[in-house]
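Please consult the sequence and the model while reading.

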Amino acid sequence: RVHLLEQTRRDFVANVSHELRTPLTVLNGYVETLRGEVDDEISPWRRSLDSMHMQTQRMQRIVQDLLLLSRLESVQNGQRHEPVPVPAILAALAEEARDLSGDKQHQIDLQADNRWLQGHADELTSVFSNLIFNAVQYTPEKGRIAIRWWVDAQGGHFQVSDTGIGIPERHIPRLTERFYRVDSGRSRSEGGTGLGLAIVKYVLQRHQATLSIKSTVGVGSEFTCHFPSVRVVEQLRQA
Ligand code: ADP
């Protein structure tokens, strides 16, 4: 019965998310058109439309993340695993993070081993991007963000550390729960869905990898993913 209930819950979430996709696309399309019509920055409509635009986009991100989560829950492990060019993916994400940082002028450094990882490219990219973009989101301006990928006797390790706001210790064990947020007001206003770390946890499980989190309030956070040695592609490849 528990198994069946779980299945019903999963199907329900997947169906609702799927059904919401089209109406949201239509709403978002009209809101964008209307925003284009109201050029006048001081028009009272302009603020309402900007806010509607932000919120419809947020709903779209939530629906996308929920669909990704239900796909992760339903698709068998190990499908289409292939060598993934981690160094190239990280270089591209570091560039994106610099764009995202914009006026916050973070110092974003990347140090990456040449080796690749056996896995699912899109899923691993979503792990890397969720952790990197969180660091950008939760680090005040001019903070430092370090992205590292290295291999040792224990396996492959991907780490993002930041000098951001940090996380009180009591929240750390619950961070990977769906919709769990330390400061929900802040996460929402920054456009967070509260689903990023849940996705990270699922993808890592599917790659027999683990996540460790260290954080000190006001000092910064460090998220590290540990992949087993068998997943590291030893011979060097060209991206
Ligand atoms: P969100 O979309 O809210 O960022 P996540 O699942 O990615 O959702 O993260 C869950 C919560 O963990 C966030 O709301 C935030 O409170 C906290 N968090 C995640 N990464 C960091 C970080 N690098 N620094 C501080 N807090 C973080």
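An oxygen atom of the ligand lies 2.8 Å from a backbone N or O atom of threonine 193. This and two further pairs are listed below as polar contacts, that is, pairs of N or O atoms within 3.5 Å.

| Residue | Protein atom | Distance to a ligand oxygen atom |
|---|---|---|
| Threonine 193 | backbone N or O | 2.8 Å |
| Glycine 194 | polar backbone atom | 2.8 Å |
| Asparagine 134 | polar side-chain atom | 2.9 Å |

On its own the ligand has 530 Å² of accessible area, and the protein covers 97% of it; such areas come from the Shrake-Rupley method with a 1.4 Å probe.

The model is predicted: local features need pLDDT of at least 70 and side-chain atom pairs pLDDT 80 or more, while totals for chains, interfaces and linings use all residues. Residues are numbered from 1 along each chain as its sequence is written, and side-chain values use heavy atoms, with hydrogens and water left out.

The shell around the ligand holds 20 residues, each with a heavy atom within 4 Å. Tyr138, Ser187, Thr193, Gly194 and Leu197 are the closest. By class, the shell has 10 nonpolar, eight polar and two charged residues, with Gly counted as polar. Two or more shell residues come from each of α4 (121-137), α6 (196-206) and β7 (220-228).

Note on methods
A polar contact is a pair of N or O atoms within 3.5 Å; within protein, one must be able to donate a hydrogen and the other to accept it, and residues adjacent in sequence count only if both atoms are side-chain atoms. Helices (H or I, at least four residues) and strands (E, at least two) are DSSP runs, numbered from the N terminus.
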